[in-house]
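Subject: Structure handover

Hello,

Please find the structure below, with the sequence alongside. My notes on what was found in it follow.

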Amino acid sequence: MSLHPTLQPYADAWAHSVEAISELVQPLVEGEWNRRTPCPGWSVRDLVSHVIGLDCEALGDPRPIHTLPRDLFHVTNEHQRYMEMQVDVRRHHTAPEMTSELEYTIIRRNRQLRNESRDPGTKVRGPLGAEITLEEAMRYRAFDIWVHEQDLRAALGHPGNLDSPGAHVTRDYLLAALPDVVAAKADAPRSSAVVFDVHGPVEFLRTIRVDIQGRGTLETAPALGPAATLTLDWETYVRMACGRVTPEAVSDRVKTEGDQDLAAAILRHFVVTQ
């Protein structure tokens, strides 16, 4: 293997999730491709189109030249418009066309990863043309595809893989955003701590400490006398952080202790990616 050891976990997580997606959609009949997913405005077909499209871009394929219809009400900003292009261009593809393109894209991407010898710090083209490192691109891809695997499982009624390699990449990806959520967005008091106690297939206990300057840091050490503690299950954590459900919709699955106003502010700003 020529892939850098730092990148291997992301390649493994991507491969695990994309194979799971392929297995999920392979037996679907035409009508099932139109089922709604937790992604606003996207069907099963649209979500698989998104998966195919982003991997094609990772392969260096040119983006489609396509004009979006004006009646896509779920598309409200430039980022969504960028993502929608790969989706809308495949909206009339049949089930066999979708599965065959997905399989072909997986084969090509696996081959690319087998031959990948670049350093993790190499600059590559990211979404919207932004320049990011190869490591950032692969980490985001592993995270994104696992979340979409879960979207498909929810749409098709096939739960699973909540503790797969992609789940652990997702945990770290989402945890990295927590200091900003607590300290900056929820405006937690200075010199305070907030504890997150997550249980289920992926378990962790993490503390966000806010220093005297108002900066948040992520720690594994438990805090004594935290300002607030949030206890919830892993699936609910992911669904809220990825904007799939509102805190109100899952209030029975989230237990808050301590400063209730602070806990409510954290939950209001919990979404870090959509």
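Buried here means under 20% relative accessible area, exposed means over 50%, and partly exposed lies in between (1.4 Å probe, protein chains only). Helices (H or I, at least four residues) and strands (E, at least two) are DSSP runs, numbered from the N terminus.

Before going further, the basis of the values: this is a predicted model, in which local features need pLDDT of at least 70 and side-chain atom pairs count only at pLDDT 80 or more, while totals for chains, interfaces and linings use all residues. Residues are numbered from 1 along each chain as its sequence is written, and side-chain values use heavy atoms, with hydrogens and water left out.

Strand β6 spans residues 228-233, and six of its six residues are buried, so the strand is largely enclosed by the rest of the structure. Which strands pair with β6? Strand β3 (residues 192-199) runs parallel to β6 and is joined to it by six bridges. Strand β7 (residues 254-258) pairs with β6 in the antiparallel sense, over five bridges. Two strands count as paired if DSSP finds at least two bridges between them. Ala-228 of β6 stands opposite Val-194, and Ala-228 also stands opposite Gly-258 in β7.

**Nonpolar core**

The largest nonpolar core has 73 residues, and those with the most contacts inside it are Val-44, Val-48, Phe-196, Trp-234, Tyr-237 and Ile-266. Helix α5 (residues 134-156) supplies the largest share of this core, 10 residues. Such a core is a set of buried Ala, Val, Leu, Ile, Met, Phe, Trp, Tyr and Cys residues joined through side-chain atoms within 4.5 Å.

Leaving aside residues up to four places away in sequence, Tyr-237 touches Leu-174, Leu-175, Leu-178, Val-198, Phe-204, Leu-232 and Phe-270. Contact means heavy atoms within 4.5 Å.

**Salt bridges**

How many salt bridges does the structure hold? There are 21, each defined as a side-chain nitrogen of Lys or Arg within 4 Å of a carboxyl oxygen of Asp or Glu.

- Glu-84 and Arg-91 form one of these, at 2.7 Å from N to O, and both residues are buried. Both also belong to a salt-bridge network with Asp-46 and Asp-88.
- Glu-101 and Arg-90 form another, at 2.9 Å from N to O. This pair links distant parts of the chain, 11 residues apart: Glu-101 is in helix α4 (residues 95-114), and Arg-90 is in the loop between α3 (78-88) and α4. Glu-101 is partly exposed at 22% relative accessibility, whereas Arg-90 is buried at 6%.
- Glu-116 and Arg-118 meet at 2.8 Å, N to O. Glu-116 is buried, with a relative accessible area of 7%, and Arg-118 is partly exposed, at 36%.

**Cysteines**

The structure holds zero disulfides, a disulfide being a pair of cysteine sulfur atoms within 2.5 Å. For Cys-39, the nearest cysteine sulfur is that of Cys-242, 9.3 Å away. Cys-39 is buried, with a relative accessible area of 6%. For Cys-56, the nearest cysteine sulfur is that of Cys-39, 18 Å away. Cys-56 is buried as well, at 8% relative accessibility.

Regards
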